[in-house]
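Work through the following exercises with the sequence and the three-dimensional structure open beside you. Try each task before you read its solution.

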Amino acid sequence: MTELLLSPLRRLGHTTINAIWRLGFITRFLLAILRYSGQSLLRFNLTIREIYFAGVMSVIIVVVSGLFVGMVLGLQGYNTLSRFGSADALGALVALSLLRELGPVLAALLFSSRAGSAMTAEIGLMKATEQLDAMSVMAVNPIARVVAPRFWAGVISMPILAAMFNVMGIFGGYLIGVVMIGLDSGTFWSQMQNNVDLHYDVVNGLIKSLCFGIAVTLIAVFEGYDATPTAAGVSAATTRTVVTSALVILAVDFVLTAFMF
Amino acid sequence: MSSDHFIEFRNVSFAYGERPILNNISLAIPRGKLVAIMGGSGSGKTTMLRLISGQIRPSAGQVLVDGRNVADMNHAELFEHRRRMGMLFQFGALFTDLSVEDNVAFPIREHTRLPDSMIHDLVIMKLAAVGLRGTQNLMPAELSGGMARRVALARAIALDPQLMLYDEPFTGLDPISLGVIAHLIKKLNDALGTTSIMVTHDVHKSLDIVDYVYFVSNGAVVAAGTPAEIRASPSPWVHQFMWGEADGPVHFAYPASTSLQQDLGLKGGQHD
Ligand SMILES: Nc1ncnc2c1ncn2[C@@H]1O[C@H](COP(=O)(O)OP(=O)(O)OP(=O)(O)O)[C@@H](O)[C@H]1O
Ligand SMILES: [Mg+2]
């Protein structure tokens, strides 16, 4: 009877301790990455290669999604704004929603499922096939050679991808608002110009996507490095990367928004 | 004494969790010699190589390399030790995202500042030594199992190490490449004075090339000697191993806690 009452409690305690332990572990992992980053920054072609695989390969999906999100914003925004007789403000609405929230958040979600999962799977497989062992037996630190370049590639790519998402989104809003619905193009752009503040909106959005880049890539490389070295272990780690990244992106977004705006 | 023994196991024990793998094992590998470690599958041979490379630490006893306890080395010393060592992994462990040339060049690029053209020439020479010149632009996925292991061998010897650890260098090789690789291992050992440890199942081929043999079973040395001594040995272990007999002191089956009948759910088990 007491066993029945205690066991969920015990499980809760176990889960909590486990989560805190992992948090400590991931922090130490981040410190190790930073400590061994010298090589990946000095031999920058290692990082460039990863920027190609993680960043450049994500451009298509980010650009296409950005365009669609911008067009949806244009349609929905026009519907709502015209009800209050302020359809002129469509340009400002599209730009602000994208710069402050949708660009950084959606680009990060896309990045984690396109590139983050691939990073986890790749590092996990390298571990499962003893490639990481082989590397460290050759006196090459896998954190310096494999993990750090991928980490920096993600951190560098993320703000650029978010910026591309924003540009395409604004273009999508323009297509709907000006080209399709027929709002005045001059009003569309000047409203945007008047209401978007470089520091407040653009820079804050960039800071957000930088934070997301750090979080998403750290999760991806950590899950790969920590994966159980079997096929099942790697696939579980890949799933964890996508799920954890999504939760962390949304939670961090809330905290940052509360502080910034 | 330790100066003429390049590798020494002193009363080494090791366990994975609760399962003991090595029990108080002691052996010595003289400098510049080619020594084979033989034993059944799962007898802890790969584990011994991992102890030498410092990937794992013994739970008791010492593993000495050139007189230094591997478990006492700090990070920098361990990497210094590994830089002078080459290891052929049992399953090759080639980097799947790098071409054959980049795989073999990997340790050279990481540890030297040689110009690219010289690295290229070195790689071609190493590939020629394992009979794979012309494969440098292939990716590991395009190689057969035996070819992949030969590329891994070329990578392991890329920096002409002082100490070579070979984990099953002969598995998956046809008789001709087997002969070539055995000859190459011998030549490396003679020409460069490399101390070499070879884990293998191939008794007859290795007796032709090695200087000394250790037989391990159940985590302890059960027989040892020069090839001539081994061939003349009256030890039942040696006899069983050399002639591949199922019955003898070495048990072919993993020590299971349930009987075969029980596992199959047949009569005689507990569950019928
Ligand atoms: N990472 C591990 N975790 C738990 N047990 C392990 C691990 N690696 C090996 N073992 C166990 O240790 C024992 C010895 O393994 P080892 O790889 O040293 O054997 P081996 O002599 O190299 O065998 P083989 O000739 O088949 O390669 C095996 O019984 C194996 O079950
Ligand atoms: Mg083995």
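## Exercise 1: A pocket and its lining

H2(B) gives four residues to the lining of the second largest pocket, and this is the largest share. Before going further, note that this is a predicted model, in which local features need pLDDT of at least 70 and side-chain atom pairs count only at pLDDT 80 or more, while totals for chains, interfaces and linings use all residues. Residues are numbered from 1 along each chain as its sequence is written, chains are lettered from A and ligands numbered from 1 in the order in which they are written, and side-chain values use heavy atoms, with hydrogens and water left out.

Task: describe the second largest pocket by its volume, its central residues and the classes of its lining.

Solution. A volume is the space filled by probe spheres set on the points, which are joined across faces, edges and corners.

Step two is the volume, which for the second largest pocket is about 670 Å³. Its lining has 23 residues, and those closest to the centre are Ser136(A), Asn141(A), Pro142(A), Tyr225(A) and His75(B). Two or more lining residues come from each of helix H1 (2–35), H6 and helix H7 (142–181) of chain A, and from H2 of chain B; helices here are DSSP runs of H or I with at least four residues, strands are runs of E with at least two, and both are numbered from the N terminus.

Step three sorts the lining into ten nonpolar, six polar and seven charged residues. In this scheme Ala, Val, Leu, Ile, Met, Phe, Trp, Tyr, Cys and Pro count as nonpolar, Asp, Glu, Lys and Arg as charged, and the others, Gly among them, as polar.

## Exercise 2: A closed space

Task: find how many cavities of 30 Å³ or more the whole structure has, and describe the largest cavity.

Solution. A cavity is a set of grid points where a 1.4 Å probe fits but cannot get out, and the search finds four of 30 Å³ or more. The largest cavity holds about 150 Å³ of space. Of the 17 residues that line the largest cavity, Met138(A), Met85(B), Gly86(B), Arg155(B) and Ala156(B) lie nearest its centre. By class, the lining of the largest cavity has twelve nonpolar, two polar and three charged residues.

## Exercise 3: Where the chains meet

Task: describe the contact between chain A and chain B by its residues, its buried area and its salt bridges.

Solution. Contact means heavy atoms within 4.5 Å, and 20 residues from chain A and 22 residues from chain B take part. The buried area, which is the accessible area (1.4 Å probe) that two parts lose on being put together, summed over both, is about 1700 Å² between these chains, with 57% given by carbon and sulfur atoms.

The last step is to look for charged pairs. Side chains of opposite charge can pair when their charged atoms come close. A salt bridge places a side-chain nitrogen of Lys or Arg within 4 Å of a carboxyl oxygen of Asp or Glu, and the count between chain A and chain B is three. The side chains of Arg43(A) and Glu110(B) meet in a salt bridge, at 3.2 Å from N to O.

## Exercise 4: A pair within chain A

Task: locate Glu223(A) and its partner Arg22(A), and decide whether each is buried, partly exposed or exposed.

Solution. The closest N and O atoms of this salt bridge are 3.1 Å apart. Glu223(A) lies in helix H9 (residues 198–226) and Arg22(A) in helix H1 of chain A, so the pair links parts of the chain that are 201 residues apart. Buried means under 20% relative accessible area, exposed over 50%, and partly exposed in between (1.4 Å probe, protein chains only). Glu223(A) has a relative accessible area of 4% and is therefore buried, whereas Arg22(A), at 26%, is partly exposed.

Methods:
1 Å grid on protein atoms, 1.4 Å probe; cavity = no way out; pocket = protein on both sides within 12 Å on 5 of 7 lines; lining within 4 Å.
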